[in-house]
Amino acid sequence: MVGYAGVIINSSSSALDRAFTYAVPDMIKDKLQIGSRVLVPFGKGNKRTEGFVVSIPDAAKGDVKEISSLCDDLPLFNEKDLALMERMRERYLCTYIEAIKVLIPSGITKGIRTRKENFVFTGEKIAGRYDKEPYRTIWETVSLNNGKFNKNKLADDFGLSLSSVTSMIKNGFLQQREGVISRYNDRSYSSYSKKELNPEQRRVVERILESSGSEFLIHGVTGSGKTEIYMHLVSEMIEQGRDSIILVPEIALTPQMVERFKGRFGSDISVFHSRLSQGERFDEWFRVKEGKVKVAIGARSALFLPFENLGMIVIDEEHEGSYKSDSDPKYHAREIAEIKSGLTGCKVVLGSATPSLESYYRAATGEMELFTLKERADGAKMPAIQVVDMREELKSNNRSIFSQELIKGIEECLARKEQVILFLNRRGFSTFVSCRSCGYVYKCESCDISLTYHHDSGMLTCHYCGKSRRLDKLCPSCGSKYIKYFGIGTERIESEARKQFPGARTLRMDFDTTRKKDSHESIYNRFKNQEADILIGTQMVAKGLDFKNVTLVGIIAADLSLNLPDFRSGERTFQLITQVSGRAGRGRKAGKVIVQTYNPDNYSIGYAVKGDYEGFFREEIEIRRLMDYPPFTEILSVNMSSEQEELLIKCIQNVGIILKNIVAGYDRIELLGPSPCMISKIKDSHRWQLILKGKIEPDFADYIRKTIYDLTKDVYNSIRVSIDINPTSLL
Ligand code: ADP
Ligand code: ZN
Ligand code: ZN
């Protein structure tokens, strides 16, 4: 029985970031718990406001208001989750409500519920009316398939128009009633049988199960059987009655990945990612909450699914940037997994062919156990990688985007009826369009970024805000007709490939071709069924895809990521080349990779080509040490943005002066800026940042947060402040 409850108000104002005490009315006394969602009177007008119970104090000071009502039957989080939320507040400088919102199913606060729908029940004829033409014959067909249909599906399945279904209902030939439906996709998958582990795999599985340690890193080349290891561990967990979460980067959560897991674990598994609708997410969340599933596979948000008895968290491709949240709280999945492990005792298994410098460093210093797998599990050979110096191509007068070597490779591959993947990490046709007479460059009006030309739509599009405009025939600045296209994107590669290899069938997989819900799956299936010879794509093709007939992978411009002004650019380049190369020769046939670059001597390209991760690590970690970058230091970025540029600059400069004074008192922390961000404007918002570098302790971070909050509370409505610990990029 409870008398009082501490309630966090659902409000984005940081001023309300504490629990408010309320009395619990008798009616809900035996139902209210930590994690209950409630409505409470709040503020001047005692407006009914949503809140979450985070404590159950014995007594209250002074007069307290009473909770108005309890919203759900079940609490949405428990005591352990509270501890997790506290840690998130410390680490990511977020508010309680921001932490709560990542833990509970999005949509529940907006009223999403178990879904009920009106179904048409066929085969239930209503006496005396079924012999009326023309409905009788159509009814006889439908009634054979006795069952519960949604109206659209009924129409589709039986080739009826919606209006005739409606009129059949109206005339009593079919009955319509309300029923509960799951938004969960329960189509069946072909079974994926358990593989006999090879000795290396078995050693890893056994060691992880018997070890008293909690964190493990599997560094295994693509195809070394890491996924098979995860699956064996999951089976073991299920046998022990424990739950598992498998995280894969959003982009790698391909139909194929899901197919493998569903094929092995059937409907016991929940799939959780951001393409699900709010309703689908809600249903999945509840399936977990009700203990109906033992395993979840998903993108980073799956980490917060409410498993009661978590035994293991796997983070596949742990180096991926998408494990870091890009909205507040800007958590990192690896860190959350570690916190959860501390709270629940679950094991954390990281896997990658190209571990992040941070994780490998921790393994190298003994904080995690390291396993190294160098061979492919199915006996396939690692592909041979060849570097082509594009400067030489230019010298020998080849102005095509394909080198002679790549053209030859593709031709040979096509002649053998094998498939090719061409990779470029940039979509669109041309990445900037400018006038040759006056130098005018088409830029987005709202962002500090040049527009990308899309040939398919004939539009110039901003990749930051999505705004589009038509391309003019003449230069808008000087009227000349010499408009020129610079920079290549996937669309351009596809068009060049069609010209160069006229007989070849191409497919493209990038953001533009995968906007529709199932288009990713459809492109994947078409390529797998060999309905195309060449697949062109962005990093979407670099992850998780496994095509047995692909024997050549062409990396069109390995330097793209090298030229970013970011301390992780070397690491990204190494990762991309390695990951993309991993797509070649996954079957019995030997694979080959051709890497085109203007920087053949760059160390990250060199080590990637040799497949020498350790060599790369040794060189890169020394650079990080020398430059004082992560993992040797932490970075706290304070990003402020506003449509009012002057106000923004004044405000951040003021913050800068105060922080400078604070930082002066700490000898291991350095302040950089304030300065405009690399991309100084996005969606009409000007962007500035301050960077703190050094040993960032929770106390210090909290102090910084409070200071910044204090200094900006008066401009709360005009300036957005975002604090990020160890941001993935500083652009
Ligand atoms: P990774 O996750 O490291 O890329 P996978 O687990 O996907 O590797 O394995 C690569 C390929 O090898 C897959 O086709 C998989 O079915 C196969 N494979 C994995 N382990 C074994 C094994 N022990 N015996 C036979 N084939 C295996
Ligand atoms: Zn824009
Ligand atoms: Zn011009």
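**Exercise 1.** Find which side chain makes a polar contact with the side chain of R37, and work out where that residue lies.

*Solution.* The side chain of D72 makes a polar contact with that of R37 at 3.0 Å, where a polar contact is a pair of N or O atoms within 3.5 Å, and within protein one must be able to donate a hydrogen and the other to accept it, while residues adjacent in sequence count only if both atoms are side-chain atoms. The model is predicted, so local features need pLDDT of at least 70 and side-chain atom pairs pLDDT 80 or more, whereas totals for chains, interfaces and linings use all residues. Residues are numbered from 1 along each chain as its sequence is written, chains are lettered from A and ligands numbered from 1 in the order in which they are written, and side-chain values use heavy atoms, with hydrogens and water left out. Finally, D72 counts as buried because its relative accessibility is 14%, buried meaning under 20% relative accessible area, exposed over 50% and partly exposed in between (1.4 Å probe, protein chains only).

**Exercise 2.** Determine whether C435 and C478 are buried or partly exposed.

*Solution.* C435 has a relative accessible area of 2%, so C435 is buried. C478, with 40%, is therefore partly exposed.

**Exercise 3.** List the buried residues of helix α5 and look at what follows the helix.

*Solution.* In α5 (residues 162-170), S164, V165, S167, M168 and I169 are buried. After α5 comes G172, which has a positive phi, near 80 degrees.

Conventions:
Helices (H or I, at least four residues) and strands (E, at least two) are DSSP runs, numbered from the N terminus.
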